[in-house]
Amino acid sequence: MCDGRMPALFLGHGSPMNVLEENRYTRVWQQLGRDLPRPRAILAISAHWYTRGTRVTAMEQPRTIHDFGGFPQALFDVRYPAPGSPALAQRVTELLPAAEKDESWGFDHGSWGLLAKIYPEADIPLVQLSVDSTRPAAWHFEAGRKLAALRDEGILLVASGNVVHNLRKLQWQGSAPAYPWAEAFNQYVRDNLPSDAPAADHPLVNYQQHPGAALSHPTAEHYLPLLYILGARAAGEAVSVPVEGMEMGAISMLSAQVG
């Protein structure tokens, strides 16, 4: 348990196969588990729970969801039996009155796929927050501002998605270079991570102004989780990049740590 302010993380999660593999991304995730102060609980914000309205898991024992297809059976056999936390779910609804408690979802691979590497013992209470598809980017940033209070209560915020995510443009040759638009948008995000601008003026809230945004994000669900972490950052607070890389030309693994 941490006595001070917890960090907040955005992690590019990439392929579900990272759960079974060891590579430069998973080694960083494992190192985070060793280096981070131990949280009292975790609030995960996953691109893979994209809903109309905001929901938060509120059950004692959430299920492990295998929300993918065409992968080896060994991946479907993985379970992440972390306990839930109805108390944290209640706290989230206090900070985000728009959030409704949910007992039908669980942990999708956008959360457990990372946490299985960071905290493989699955012994830290975990709650997952959905990404509301009906809200504009600024709303998600402001939601992060409201959730920032959790960082002072021993709660680790872990958001996951990908800063560039276009499955239609994937290049299946492993050594294929990134598309120029993907590289440009990824660099734009990286350059603006430390911005202290308010939501209305923040370059990463107004990400659609970038010419590479439409190709980098045909839909917004893999981008919006980043805004929760940026919203939870205090002005002037350190932000670092634990790991980055571009996979298959159109998937960015850029990650950001606040604090």
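Q: How many cavities of 30 Å³ or more does a search of the whole structure find?
A: One cavity is found. A cavity is a set of points, on a 1 Å grid over the protein atoms alone, where a 1.4 Å probe fits but cannot get out. This is a predicted model, in which local features need pLDDT of at least 70 and side-chain atom pairs count only at pLDDT 80 or more, while totals for chains, interfaces and linings use all residues. Residues are numbered from 1 along each chain as its sequence is written, and side-chain values use heavy atoms, with hydrogens and water left out.

Q: How much space lies in the largest cavity?
A: The largest cavity holds about 60 Å³ of space. Such a volume is the space filled by probe spheres set on the points, and grid points are joined across faces, edges and corners.

Q: What makes a residue part of the lining, and which residues line the largest cavity?
A: A lining residue has an atom within 4 Å of a point. His13, Gly14, Ser15, Pro16, Asn18, Val19, Trp29, His109, Gly113 and Leu114 line the largest cavity. Helix α4 (residues 109–118) gives the most to this lining, with three residues. Helices here are DSSP runs of H or I with at least four residues, strands are runs of E with at least two, and both are numbered from the N terminus.

Q: What makes a pocket, and what volume does the largest pocket have?
A: A pocket is an open set of points with protein on both sides within 12 Å along at least five of seven lines. The largest pocket has a volume of about 520 Å³. It is lined by 23 residues, and the closest to its centre are Gly14, Ser15, Pro16, Leu167 and Ile251.

Q: Why is the contact between Glu153 and Arg91 called a salt bridge?
A: A salt bridge needs a side-chain nitrogen of Lys or Arg within 4 Å of a carboxyl oxygen of Asp or Glu. Between the side chains of Glu153 and Arg91 the N to O distance is 2.7 Å, so the pair qualifies. Glu153 lies in the loop between α5 (137–147) and β6 (155–161) and Arg91 in helix α3 (residues 86–95), 62 residues apart.

Q: How do you know that Arg27 and Glu22 form a salt bridge?
A: Their side chains meet at 3.9 Å, N to O, which is within 4 Å, so this pair also counts.

Q: Why is Arg233 called buried?
A: Buried means under 20% relative accessible area, exposed means over 50%, and partly exposed lies in between (1.4 Å probe, protein chains only). Arg233 has 8%, so it is buried. Its salt-bridge partner is Asp196, at 2.8 Å, N to O. Asp196 has 46% relative accessibility, so Asp196 counts as partly exposed.

Q: Why does Glu22 count as exposed?
A: The relative accessible area of Glu22 is 58%, which is over 50%, so Glu22 is exposed.

Q: What makes Thr93 buried?
A: Thr93 has 15% relative accessibility, under 20%, so Thr93 counts as buried. This residue lies in helix α3.

Q: Which residues does Thr93 touch, not counting residues up to four places away in sequence?
A: Thr93 touches Val56, Ala99 and Lys101. Contact means heavy atoms within 4.5 Å.
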